[in-house]
Amino acid sequence: DTIALVETLLAAAEPLTQSHLGQMGFKNLNCLPGWGVLFILSDHHVQFVHKSLHDWLLSRNQIPSASKRAWNVDVRLGHLRLAGDLSKNRASTLQYTSKYLFGHLAQSIVNPERDSILDDVAVDLHWVARVVREGHGSKVVQSLGAISRVNTHTPMSREFTTWLKLYLHDVEKSLKNQSVGDFLTTMLDQAAENCPPLSHFMLRLQKEYTSSYFKGWNCIQMFGATSMYNSTKWTSEFTSIFQGHTGNVQSVAASPDGRQVVSGGKDKTVCIWDVESSECRLVLEGHTEGVTSVCFSEDGNSVISGSSDKTVRVWDILTGELSLTLKGHYHWVWSVCALGPSLLAS
């Protein structure tokens with residue numbers, strides 16, 4: 001596609017090699033208007049014969065063809081095309097990609113494909129660490145700032161941008177004394193301690209790195225661990241297994257002192273578990289549909305449950321009795337939360 005090739009050449013921050021263009025699907029360079037005169041091959045790189053031609057094409061935003069027909073060129077599509085290619089091959093094209101990938105994303109047309117690329121790159125902390133080590137961290141922040149100025153961030157990339165701006169200096173300092181692998185651990189630890197746990201950025205990090213790095217992430221606030229990677233993290237060496245529900249478990253929560261766990265399941269029951277012994281202390285029955293959400297009260301003496309039966313119930317776990325049934329929802333109750341001694345939200 002001649003138009004797509006021209007758009008790509010116009011968007012490129014540096015002349016692209018013939019082999020790179022071939023990998024992108026542009027194998028026939030003879031289709032370029034004025035090939036060999038206006039567009040030339042120099043040291044295996046495809047170049048404009050002079051920068052003024054590049055500038056003129058951008059300013060006119062059209063190329064006259066041999067048949068006098070005007071071909072409309074959208075350089076934003078060239079930026080998107082390059083961003084997609086660089087994202088797929090970012091591990092092998094580090095030098096160009098580290099300098100220009102976010103810049104291409106900043107100047108590309110905004111659509112779901114571009115948003116997906118932006119999110120995938122932002123969460124690849126292996127690659128981010130390598131880019132910063134190459135000395136291009138400030139250029140990345142600058143490009144992300146360009147995206148901020150035109151307000152085309154995704155929710156996740158906006159949070160990534162905020163995090164990187166705040167901690168770029170710490171990132172650069174740490175990389176001087178650590179391998180990329182060790183540094184990735186530091187970055188994840190720092191992100192977990194400084195980013196909101198339910199932010200788009202943190203939830204995506206948890207999904208991407210859960211098998212290797214986030215074994216203890218969900219337990220930081222729940223059980224008082226000060227770091228994911230110190231000796232207090234919750235690993236498979238001392239994870240308890242609570243068995244007793246006859247249907248899927250849909251929600252779990254820990255008591256304020258960390259000694260008990262409450263769970264709610266599709267079997268319509270709420271179970272209270274002793275963490276040390278892994279034994280079920282209480283089975284609370286009363287919901288007529290599956291239990292979708294559970295939590296402890298602030299004092300740890302009561303449990304709140306929400307259900308597909310459209311009710312919220314408060315249970316006294318000292319006696320096992322139902323204290324209160326709240327009705328008013330017209331659909332399933334998806335979440336419950338204790339806000340104070342006598343206040344809850346659902």
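At the start of helix α1, a side-chain oxygen of Asp1 reaches to within 3.2 Å of the backbone nitrogen of Ile3. The model described here is a predicted one. Helix α1, which spans residues 2–11, is mostly covered, with nine of its ten residues buried; these are Thr2, Ala4, Leu5, Val6, Glu7, Thr8, Leu9, Leu10 and Ala11.

On the α8 side the contact is made by Gly137, Ser138, Val140, Val141, Leu144, Gly145 and Ser148, while α9 contributes Phe160, Thr161, Leu164, Lys165 and Leu168. Sorted by class, the residues in the contact of α8 with α9 comprise six nonpolar, five polar and one charged.

Seven aromatic pairs are present in the structure. In one of them, Phe39 and Phe48 are tilted, at 5.2 Å centre to centre and with 50 degrees between the planes, and both Phe39 and Phe48 are buried. The ring centres of Phe102 and Trp127 lie 6.0 Å apart and their planes stand at 45 degrees, so this pair is likewise tilted. Because Phe102 belongs to helix α5 (residues 94–107) and Trp127 to helix α7 (residues 125–133), the pair ties together parts that are 25 residues apart in sequence.

Terms used
Residues are numbered from 1 along each chain as its sequence is written. This is a predicted model: local features need pLDDT of at least 70, side-chain atom pairs count only at pLDDT 80 or more; totals for chains, interfaces and linings use all residues. Side-chain values use heavy atoms; hydrogens and water are left out. Buried means under 20% relative accessible area, exposed over 50%, partly exposed in between (1.4 Å probe, protein chains only). Helices (H or I, at least four residues) and strands (E, at least two) are DSSP runs, numbered from the N terminus. A polar contact is a pair of N or O atoms within 3.5 Å; within protein, one must be able to donate a hydrogen and the other to accept it, and residues adjacent in sequence count only if both atoms are side-chain atoms. Contact means heavy atoms within 4.5 Å. Ala, Val, Leu, Ile, Met, Phe, Trp, Tyr, Cys and Pro count as nonpolar, Asp, Glu, Lys and Arg as charged, and the others, Gly among them, as polar. Rings of Phe, Tyr and Trp (its six-membered ring) pair if their centres lie within 6.5 Å; planes under 30 degrees apart count as stacked, over 60 as edge-to-face and the rest as tilted.
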